[in-house]
Each structure stands twice: as C-alpha cells, then as structure tokens.
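Could you walk me through this model in my viewer, one selection at a time? I would like to know what to pick next and what I will find there.

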Amino acid sequence: MTRITPDRNLTVLDAPSNLGLRPPAPGVSPGCYKAPWALRNTGLVERLGAADAGALVPPRYVATWQPGDGVRNGPAIADYSRALADRVAGIRASGGFPILLGGDCSILLGPALALRESGRYGLAYLDAHADFRHLGNSPHVGSAAGEDLALVTGRGDDYLTDIGGLRPYVRDEDVIVLGVRDEEDLRDIADSGLAYVPGNDISLDRAAKVLVRDDLDGFWIHVDADVLDPSVLPAVDSPTPGGLDAAQLTELLRGLVALPGAAGLEVTILDPDLDADGSQAALLADILVSALTAGPALPRVRA
C-alpha cells in the first residue's frame, strides 16, 4: 500500500487509559483499556508502516465516586494528561505524526495540551456525543470521557483545564464536532457556540472552513468509535443509532488527514470486552489503514 501522507512519519502510541469512564457494572472496570492490544493484534502498526512508540501506562483506575466528588479519577487524569502531552510533543519534535490508540475520550487532554504549548490548534471531534458536560449545563460533573470537550475548551476545574496556565487548550471557534446525534448532547452543543454537523451527512468542506485558517497552526483529529452506527460497530459503551458506516468514516478521515495542518489523531472507546471474536477491532483497523494509506475503499454497506 502507498501512504496517503508520504511526507508524514506515522507513529503509533498506546494510551490505554479508562480513567474517564464510569464502571459498566459494579466491580467491573471499563474494557476500553484493552483496545490498543486488540488493534495491534490485527497487525495495525505493520499495515500502516508506522513507527512504534510503545505505550504510556495510566495510573490505577478507582471506581468509587458519588455526585459532588468532582471528576472521577480527576487528579490521575491530570497527571496522565501531562505525561501524554510530553510523549506527543516528543513524537512531533522527531517528525512523527502521532496516532494514539485509546483508551477513553479523556486522553484528548494530552494532545490538546501538547499542541497548545506549541501554538494555536483546532480540533475535529468525531463522536456520537458532544462530551460537553460541565457545571454550566449539568448539576454536577462526573466521568471525564463525557466532559473532555468541555475540559479542553476551558470549562472545569483549573487542575484539568489550566495545566501550565494554558486555558483553554482549544478555543471554541477552533472546534468542529462531527457526527453528534445524542439528543441531549445536541441541545448542549447547539447552545455552546461551537460548530457542529449532526448525524451522518458530513461535509468535509464545512470542517475545512473551521480547521484550515491562517490563524491556526493546525488541528487534531479525535475519533470515537461510536461515531460509527451500532449496526456497524456496537462494541462501545454508549452506542447511538444514526451514525456513519465504514466507508463514510474512511472517506471523512482520509479527507481530514489530507487537509493542510493535520497534526495527529486519536481513536477511542472501542471495548474489546464487547467484541469477543475481534471482528470489530479488525473493522476499525481496516478503516484506519484504508484512510491513512492508499488501500482499497471499504464498501458502503451497513451490517
């Protein structure tokens, strides 16, 4: 296969943090921390022709939490974000194009911080949910994977939103949310001032208007696996109907990565505990390989 981005040195780093999720059941840890292993087992790194940057091991997951406690595992997330920012910055300093394998959506804080330290960057946020919960629209905060977009845009406790005095890591006008379709999240995002494109009819031109501008140094790409329709990939914690099919996500990712200023991407929320035969990890790997290389297009067919 020929790489779509021959001038970029793709570099894979595992970010297997589940710190930002609530337990799926009492006494059970969220399984998305296993996703990097599941994706690697498909031969993803070799198929991408990517360098292997290893893994950044997260702190211990603590399940206990109640309303009023603040962000679940918050201090651990802050520490992990700082360490992840350093790893992302190191990859970029060596000429690499980071590809982070999460993990839950709270890993976004790491690359957002890394990019903020080097300039002004935008964010393409591909997700069925806006992940925009904060005290301005909710009675309390809880799990950071449902709050990460709010956090990187400066809404939340200083220890998470103002690391290094750099709040916000991403400005509101530099964000576009793509594929959001949860009804409550649509209400929150509609009142936020952030650009968004709901559902599965997504225009790359609309995204480019937000992300490719003279006042931006580039942009990061966040991909939550639940942006795919659950008929295609149901192994996520909050499947929501009305999403993209595999071909649509491949086309969108290929277009985003080809835009001037694309600085890296992350993939989150795939839960191998819900993918017993590994077929959904294989599909997600196929999407990434097809989007980042000149591989064959995936069929536009729903499962």
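Start by selecting N18, in the loop that runs between β1 (9–15) and α1 (35–40). Bear in mind as you look that this is a predicted model. N18 has a relative accessible area of 7%, so it counts as buried. Show its side chain and follow it to the backbone oxygen of P30, which the side chain of N18 reaches at 3.0 Å. Beyond its neighbours up to four places away in sequence, N18 touches S29, P30, C32, Y33, Y61 and D104.

Next, go to N73, which sits in the loop between β2 (51–55) and α3. Check its backbone here: N73 is not a glycine, yet its phi is positive, at about 60°. Most residues other than glycine have a negative phi. N73 is also buried, because its relative accessibility is 12%, and the cut-off for buried is under 20%.

A second stop of this kind is D131, in the loop between β4 (121–126) and α5 (148–152). D131 has a positive phi of about 50°, and it is not a glycine either. With a relative accessible area of 8%, D131 is buried.

Now colour helix α3 (residues 74–93) and helix α4 (residues 109–116). Their axes are 7 Å apart, and the two helices pack at an angle of about 55°. That angle makes α3 oblique to α4. Turn the view to see how they pass: the crossing of α3 with α4 is right-handed. To display the contact, pick I77, S81, R82, L84, A85, V88, A89 and R92 on the α3 side, and L109, G110, P111, L113, A114 and L115 on the α4 side. The residues of this contact between α3 and α4 divide into 10 nonpolar, 2 polar and 2 charged.

Stay with α4 for a moment. How many of its residues are buried? The count is 7 of 8, so α4 is mostly covered. The buried residues in α4 are L109, G110, P111, A112, L113, A114 and L115.

The peptide bond joining G102 and G103 is cis, with omega about 15°. Another cis peptide bond joins R167 and P168, where omega is about -15°. You will find P168 in the loop between α6 (158–161) and β5 (175–180). Most peptide bonds are trans.

For the last pair, select helix α8 (residues 204–211) and helix α9 (residues 246–258). Their axes come within 11 Å and cross at roughly 30°, so α8 and α9 are roughly parallel to each other. The crossing of α8 past α9 is right-handed. In this contact, L204, A207 and L211 of α8 meet L252, G255 and L256 of α9. Here the residues divide into 5 nonpolar, 1 polar and no charged.

Finish on L252, in helix α9. Is L252 buried or exposed? Its relative accessibility is 7%, so L252 counts as buried. Draw a distance from its C-alpha atom to that of L204: the two are separated by 6.8 Å, although L252 and L204 are 48 residues apart along the chain. Leaving aside neighbours within four places in sequence, L252 is in contact with L126, L178, I202, L204 and L244.

Note on methods. Residues numbered from 1 in each chain as written. Predicted model: local features only at pLDDT ≥ 70, side-chain atom pairs only at ≥ 80, totals over all residues. Heavy atoms only, no water. Helix = DSSP H or I, 4+ residues; strand = E, 2+ residues; numbered from the N terminus. Buried < 20%, exposed > 50% of the residue type's maximum accessible area, 1.4 Å probe, protein only. Polar contact = N/O pair within 3.5 Å; in protein donor to acceptor, adjacent residues only side chain to side chain. Contact = heavy atoms within 4.5 Å. Axes fitted to C-alpha atoms, helices over the stretch in contact; angles between N-to-C directions. Parallel < 35°, antiparallel > 145°, perpendicular 65-115°, else oblique. Left-handed = near helix turned anticlockwise from the far one by under 90°. Nonpolar A, V, L, I, M, F, W, Y, C, P; charged D, E, K, R; others polar.
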